[in-house]
Amino acid sequence: MNAETELQAACDEVFKKIGRNLLSFQLAEQILKELLRLGGLAIRSGAPEEPFGEIAKRAQKMTLGGLTTLFTETHCSGNEPAFPELPEDSTEGMIAISFAFNLGGTGLVQRQESLANLVMERNKLVHHFLPEFDRDSLDSCRALAVDLDRQREAVLPEIKRLQQDFRFVSEELSQLLALMTSPEGISILRISRIQQHPLIEQFVTIARNSETPDAWISLNAAAGSITDYPRGEMSEICESFGHKSLTALMIASQLFHIELQPAGSDRNRVLYRLKLDAGPPAPSHLR
């Protein structure tokens, strides 16, 4: 192989490794954007999944440096995941879930350093590589080829970890979607949504604030004391959940015991009390 051919081969090898490393950095950027999108996801029955969280929207316009910072702050801190708010146009009876995740705070400093190194190596390749590249020098081409291999080996563990994170989060989301499409899951989600409705929460508060925890309370009197919801609006809420009456909605919530007490003229007086094992409302991310 003559000197000119050898130089051309070395130069081509450099270009090949530049492309390989650039694709690796682009892969990391795409994975981070997708993880941040999934961390601000709202899933609604009968509608496509949508990124409603502000973090997810911001992430789509960020460069790699901003993405790594946002990712560690949002999903690697070990804090409680920040569930995105559902859109204001969500209907009362609609099954909707906001999805979030946190990968834990163990080794946070090391993870930050690893991601910072990823950004540093990317910037070195994109912004500082050309001045060091002498296409007419065989020694320069060989040295840069070695450095490009070093760079790939330095960032590959973090890229593989991002891929693992993405697989883990995707599997969790797949399980959630499977839950939403199963009869048992749909039932659980409907009950959770009813339990979290402010109207039902007010009936729970009235029961808990009664003089005796196991006292029976007139449903009609309790409804009359709730000034936030006129009777007509209560009926609309019941219908939105597929129930014809407030009594039926209370039963569907599974939070209350219901008793019918004869009130004369073929009418019944509806009484309710809180179940002793009702516990707190369902998690706020099940909406």
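## Helix H10 and its surroundings

Helix H10 is followed by Gln254, whose phi is positive, near 60 degrees. Helices (H or I, at least four residues) and strands (E, at least two) are DSSP runs, numbered from the N terminus. The model is predicted: local features need pLDDT of at least 70, side-chain atom pairs count only at pLDDT 80 or more, and totals for chains, interfaces and linings use all residues. Residues are numbered from 1 along each chain as its sequence is written, and side-chain values use heavy atoms, with hydrogens and water left out.

Six of the eight residues of H10 are buried, so this helix is largely enclosed by the rest of the structure. Here, buried means under 20% relative accessible area, exposed over 50%, and partly exposed in between (1.4 Å probe, protein chains only). The buried residues are Leu246, Thr247, Leu249, Met250, Ala252 and Ser253. Their cover includes helices H6 (183–196) and H7 (198–208), H8, H9, and strands S5 (256–262) and S6 (268–274), where contact means heavy atoms within 4.5 Å.

## Two nonpolar cores

A nonpolar core is a set of buried Ala, Val, Leu, Ile, Met, Phe, Trp, Tyr and Cys residues joined through side-chain atoms within 4.5 Å. The largest such core has 40 residues, and those with the most contacts inside it are Val14, Phe99, Leu118, Phe129 and Leu162. Two or more residues each come from H1 (3–38), H3 (64–75), strand S3 (96–99), H4 (108–127) and H5 (138–181). H1 gives the largest share, 12 residues.

Apart from this core lies another, of 25 residues, among them Leu199, Ala207, Tyr229 and Leu246. In soluble globular proteins, nonpolar side chains tend to be buried together.

## The second largest pocket

Which residues line the second largest pocket? They are Leu219, Asn220, Ala223, Arg231, Met234, Ser235, Cys238, Lys244, Ser245, Leu246, Thr247 and Val270. H8 (219–225), H9 (231–240) and H10 (246–253) each give two or more residues to this lining, and the largest share, four residues, comes from H9. A pocket is an open set of points on a 1 Å grid over the protein atoms alone, where a 1.4 Å probe fits, with protein on both sides within 12 Å along at least five of seven lines; lining residues have an atom within 4 Å of a point.

## Cysteines

The structure holds zero disulfides, a disulfide being a pair of cysteine sulfur atoms within 2.5 Å. Cys141 is in no disulfide, and the nearest cysteine sulfur, that of Cys11, is 4.7 Å away. Cys141 is buried, with a relative accessible area of 0%. Cys238 is also buried, at 2%.
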